Amino acid sequence: MVGAGIVGSAIARALAREGCAVTVVDRGPSAGGTSASGEGNLLVSDKEPGPELRLAQRSLASWLRVEDELRDELPSGFPDLELERKGGLVVATTAEGATALHEFAAAQRAVGVTAEVVDDDRVRELEPDLTPDRAAAVHYPDDMQVQPVTATEALLAAARRHGAQVRQGVEVTGPVLDRGRLVGVATATGTITADAVVLAAGPWSGAVAERLGVHLPVAPRRGTVLVTSRMPQRVWHKVYDADYVGAVGSGAADLQVSSVVESTAAGTVLIGSSRERRGFDERIEARVLSALAAKALLLFPFLADAQVMRAYGGFRPFVPDHLPVIGPDHRLPGLWHATGHEGAGIGLSLATAEILRDHLLHEERDELADEFRLDRPTLLPHLEGTAR
C-alpha cells in the first residue's frame, strides 16, 4: 500500500481484516497530506446523480457502521472520531441560483437523497444568523462531518491491530518487475515485495505512477481554508452557497471561490472554499483569503467581527473526468489504484476500500465498481504510456 492518508488507511484496514499481510508506506507521516488539510466532509449534497453520488451514499452508510466497529478494534481512550450528523444547508442568493438549486435537489431526490426545500421560517430555525438576502434553501439532513486526521489515524491503528505494518518516511523510487508484472516497489531503504501494489497517494499518485512506469492523469488542485478564533456557536450546519456545486464539478484551472461555512467541535469556524490548479505551489495568497472572506460574509454577515486565527491549504487529487480511479491498472498487472477523489476522499474512503477489497480478493466487480475503472471511456483519452 502506497499512501497513508485516509483512503490508504481505509484500504489497509479492509484488507488486514481479511487476513492479508499488509505493508503501508508513505514518504511522510500518516495523514500528512490531503487528509490533514480537509474539513472532514461526508457529503451527498454536493453530488449530482451518478456514480460518485452512489459511492457517497454507500460510504455514508459504511461510516455509521465502522464508527461502531472501531470502538471494538481500538484501545480504550483512543480519540473520538467526532462524527457529527450535522446536516447541510445549501443556499441560493439569486433567483437564477434558486431555480438551479431546486432542479438539482429534485434530481437528487429521484435517486434517494433526502433534500428538503425549506421556507424562511424553517431556515431561521436551522440557521438563525443566516443572511435574510436569500432566494431558496435546501436542507440535507444526511450530510455529516468527521475529524479527518483522527479518522485516518483510527483506521490505520485498526489496520495495525489486524496485523498491518506501517512504515513512515519511506519513499517509492521505482518498480520491482517480474516478466512484466509488478511484484513490489523499490524504496530508498530497500525493496518491498507484494502480490499487489495499491497506489493511494492522493495528488501525488501521478508522480508515483510515473516512477512505476505508467502515466496516471492525477494532478493537484489547490484549496485554502480560513479558520476563525473560537467563539460561541452560531453556525449549526455545513452551509454553502449554491455555486459550490458548480465549482466542485468544474475542470477549470483558474481560481474559483464559493462560500462554505461550518463550525467545528473545537469552537472555531471553517471558511472555504477555493479551487485552483497551479501544481504543488504551497503559497497562501491574500487574493484567495480576501475572496473567501468576502464570500462568507454574503451568507453570515456576523463574521465581519470574527477574528481569523489562521489559514491553511492543501492539494486535492484532480482527475479530468471528475471521478476517482478504483481498481487494477490494465497496463501493468499487479498495480491497483485508489485515487482521484479530489475533495471527497474523506467521505468516499470507506466505500472505495470495500470496492477495491472485493475486486482484489474476491474478484467481485459490481456495476458501481465498473464506473471507476481506469480504462473507462471518459478517461481513456487522458491515458498515455505503457508499463516499461
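## The second largest pocket

The second largest pocket has a volume of about 450 Å³. The model it belongs to is predicted. Its lining counts 21 residues. Nearest the centre of this pocket lie Ala21, Val22, Ala194, Asp195 and Ala196.

Several elements build the lining of the second largest pocket. Four strands each supply at least two residues: E1 (23-26), E9 (181-187), E10 (190-193) and E11 (197-199). Helix H9 (345-362) also supplies at least two. E9 gives the most, with three residues. By class, the lining of this pocket divides into 16 nonpolar, three polar and two charged residues.

## The cavity

How many cavities of 30 Å³ or more does a search of the whole structure find? The search finds one. The volume of this largest cavity is about 40 Å³.

The residues lining the largest cavity are Ile326, Gly327, Pro328, Ile355, His359, Arg365, Ala369 and Arg373. Two elements give two or more residues to this lining: strand E17 (325-328) and helix H9. Which element provides the largest share of the lining? That is E17, with three residues. The lining of the cavity divides into four nonpolar, two polar and two charged residues.

H9 takes part in both sites. The helix supplies at least two residues to the lining of the second largest pocket, and two or more to the lining of the largest cavity.

## Packing of H1 and H5

Two packed helices are described by the angle between their axes and by the distance between those axes. Helix H1 covers residues 6-17, and helix H5 covers residues 148-161. They pack at an angle of about 25 degrees. Their axes are 8 Å apart. Angles under 35 degrees count as roughly parallel, so H1 and H5 are roughly parallel to each other. Is their crossing left-handed or right-handed? The crossing of H1 and H5 is left-handed.

On the H1 side, the contact is made by Ile6, Ser9, Ala10, Ala12, Arg13 and Ala16. On the H5 side, Pro148, Ala151, Thr152, Leu155, Leu156, Ala158 and Ala159 make the contact. By class, the contact between H1 and H5 has 10 nonpolar, two polar and one charged residues.

Technical notes: Residues numbered from 1 in each chain as written. Predicted model: local features only at pLDDT ≥ 70, side-chain atom pairs only at ≥ 80, totals over all residues. Heavy atoms only, no water. Axes fitted to C-alpha atoms, helices over the stretch in contact; angles between N-to-C directions. Parallel < 35°, antiparallel > 145°, perpendicular 65-115°, else oblique. Left-handed = near helix turned anticlockwise from the far one by under 90°. Contact = heavy atoms within 4.5 Å. Nonpolar A, V, L, I, M, F, W, Y, C, P; charged D, E, K, R; others polar. 1 Å grid on protein atoms, 1.4 Å probe; cavity = no way out; pocket = protein on both sides within 12 Å on 5 of 7 lines; lining within 4 Å. Points joined across faces, edges and corners; volume = space filled by probe spheres on them.
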